[in-house]
Amino acid sequence: MTGIMHRTYLNENGGTVEVYIDNLVPDTQNPDDWVCDYKIVGLGKDISKKSYGTDGIQAVYLAMRLIQMELFFSDLYKSGKLRWEGEYEAGDLGLPKMPD
């Protein structure tokens, strides 16, 4: 899968976690809304879901927030074994921090 957006995270146990955002299109069920596919591969079990928004920007934004939640609440992240190549501090995945 290539995706319109892609990021690779490193699994310190070996391997990678791949994140893709793809297929940003108007929703066929409600043409006033947009739908965006996202996929996470390598986090244990593959995750493939959709996000919806009132426009394309909101659909992508919500996909990124949902990806963020999947990553931050994963056992791999909580154990400190998931990292981003551009990491500047421990736990930095290049995404906004989750609120306390």
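1. The side chains of Glu 12 and Arg 83 make a polar contact at 3.3 Å. A polar contact here is a pair of N or O atoms within 3.5 Å; within protein, one atom must be able to donate a hydrogen and the other to accept it, and residues adjacent in sequence count only if both atoms are side-chain atoms. Glu 12 belongs to the loop between β1 and β2, and Glu 12 counts as partly exposed at 45% relative accessibility. Buried means under 20% relative accessible area, exposed means over 50%, and partly exposed lies in between (1.4 Å probe, protein chains only).

2. The model is a predicted one, in which local features need pLDDT of at least 70 and side-chain atom pairs count only at pLDDT 80 or more, whereas totals for chains, interfaces and linings use all residues. Residues are numbered from 1 along each chain as its sequence is written, and side-chain values use heavy atoms, with hydrogens and water left out.

3. The surroundings of Glu 12 bring together separate parts of the sequence. Glu 12 and Leu 82 are 70 residues apart in sequence, yet their C-alpha atoms are 6.4 Å apart in space. With neighbours within four places in sequence set aside, Glu 12 is in contact with Gly 80, Lys 81 and Arg 83; contact means heavy atoms within 4.5 Å.

4. As to the overall architecture, the chain has two helices and five strands, in the order β-β-β-β-α-α-β from the N terminus. Helices (H or I, at least four residues) and strands (E, at least two) are DSSP runs, numbered from the N terminus. Of the 100 residues in the chain, 31% are buried. Among contacts with a separation of 6 or more, 39% join residues 24 or more positions apart.

5. The accessible surface of the chain comes to about 6200 Å², and 53% of that surface belongs to carbon and sulfur atoms. These areas come from the Shrake-Rupley method with a 1.4 Å probe; for residues, only the protein chains shown count as cover.

6. Helix α1 spans residues 56-72, has 17 residues and reaches 24 Å from its first C-alpha to its last, close to the expected 24 Å at 1.5 Å a residue. The expected span is 1.5 Å times one less than the number of residues. At the start of α1, a side-chain oxygen of Asp 55 comes to within 3.3 Å of the backbone nitrogen of Ile 57.

7. Which residues of α1 are buried? They are Gly 56, Ala 59, Val 60, Ala 63, Ile 67, Gln 68, Leu 71 and Phe 72. An α-helix has 3.6 residues a turn, so residues three or four places apart point the same way. The cover over the buried residues of α1 includes β1 (5-11), β2 (16-26), β3 (34-41), β4 (47-53), α2 (75-78) and β5 (82-84).

8. Asp 37 is located in strand β3 and counts as buried at 17% relative accessibility. Its side chain makes polar contacts with the side chain of Asn 23 at 3.0 Å and with the side chain of Lys 50 at 2.7 Å. Beyond neighbours within four places in sequence, Asp 37 is in contact with Tyr 20, Ile 21, Asp 22, Asn 23, Lys 49 and Lys 50. Asp 37 and Val 25 are twelve residues apart in sequence, and their C-alpha atoms are 9.2 Å apart.

9. Asn 23 lies in strand β2, and its phi is near 55 degrees, a positive value in a residue other than glycine. Asn 23 is partly exposed, with a relative accessible area of 36%.

10. Lys 49 is in strand β4 and is partly exposed, with a relative accessible area of 40%. Residues up to four places away in sequence not counted, Lys 49 touches Cys 36, Asp 37, Tyr 38 and Glu 70. The side chains of Lys 49 and Glu 70 make a polar contact at 3.1 Å. Lys 49 and Ile 67 are 18 residues apart in sequence and 9.6 Å apart in space, C-alpha to C-alpha.

11. Asp 92 lies in the segment after β5. Is Asp 92 buried or exposed? Asp 92 is buried, with a relative accessible area of 14%, and its side chain reaches the backbone nitrogen of Gly 94 at 2.8 Å.

12. Arg 7 lies over the face of Trp 84, at 4.2 Å from the ring centre. A charge sits over a ring if NZ of Lys or CZ of Arg is within 6 Å of the ring centre and within 35 degrees of the ring normal.
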